[in-house]
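Here's a quick briefing to read with the model open beside you. Start with the overall fold, then go residue by residue.

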Amino acid sequence: MVKEQFDVRKDLIYHPFFDGEQRGSHIKMDMVVTTPLGNVIIAYKSIKALRNR
């Protein structure tokens, strides 16, 4: 059995893009585990409301 290395990051903030533009909202992820196969979001939070810029 081969044990893979995992990169664990906490309290990451992701600013999504749509149609090439960064949106004003964000997603706060409590924990993200990165493996050689990709990212897995373990838990996340979102903002309460969207605002117009």
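## Overall layout

From the N terminus on, the elements of this protein run β-β-β-β-β. That gives five strands and zero helices, where helices (H or I, at least four residues) and strands (E, at least two) are DSSP runs numbered from the N terminus. Keep in mind that this is a predicted model, in which local features need pLDDT of at least 70, side-chain atom pairs count only at pLDDT 80 or more, and totals for chains, interfaces and linings use all residues. Residues are numbered from 1 along each chain as its sequence is written, and side-chain values use heavy atoms, with hydrogens and water left out.

**Surface and contacts overall**

- Of the 53 residues in the protein, 11% are buried; buried means under 20% relative accessible area, exposed means over 50%, and partly exposed is in between (1.4 Å probe, protein chains only).
- The protein exposes about 5200 Å², and carbon and sulfur atoms supply 53% of that area. Accessible areas come from the Shrake-Rupley method with a 1.4 Å probe, and for residues only the protein chains shown count as cover.
- Take the contacts (heavy atoms within 4.5 Å) between residues at least 6 apart in sequence: 21% of them join residues at least 24 apart.

**The salt bridge**

- How many salt bridges does the structure hold? There is one, going by a side-chain nitrogen of Lys or Arg within 4 Å of a carboxyl oxygen of Asp or Glu.
- The partners are R9 and D7, whose side chains meet at 2.8 Å, N to O.
- As background, side chains of opposite charge can pair when their charged atoms come close.
- R9 counts as partly exposed because its relative accessibility is 44%.
- D7 is also at 31% relative accessibility, so D7 counts as partly exposed.

- Most residues other than glycine have a negative phi, which is the background for the next two entries.
- D11 isn't a glycine, yet it has a positive phi of about 55°. Look for D11 in strand β1, which covers residues 7-14.
- D19 isn't a glycine either, and it has a positive phi of about 55°. You'll find D19 in the loop between β2 (17-18) and β3.
- Is D19 buried or exposed? D19 counts as exposed because its relative accessibility is 71%.

**I13 and K28**

- I13 sits in strand β1, and it counts as partly exposed because its relative accessible area is 49%.
- Which residues does I13 touch, leaving aside its neighbours within four places in sequence? I13 is in contact with H26, I27 and K28.
- Along the chain, I13 and H26 are 13 residues apart, while their C-alpha atoms are separated by 6.6 Å.
- K28, one of those I13 contacts, belongs to strand β4. Its relative accessible area is 29%, so K28 is partly exposed.
- K28 and H15 are 13 residues apart in sequence, with 8.9 Å between them in space, C-alpha to C-alpha.

- Where is S25? S25 is in the loop between β3 (21-22) and β4 (27-35).
- S25 counts as buried because its relative accessibility is 18%.
- In sequence, S25 and H15 are 10 residues apart; in space, the C-alpha to C-alpha distance is 6.5 Å.
- Q22 is in strand β3, and it is partly exposed because its relative accessible area is 44%.
- Leaving aside neighbours within four places in sequence, Q22 is in contact with H15, P16 and F17.
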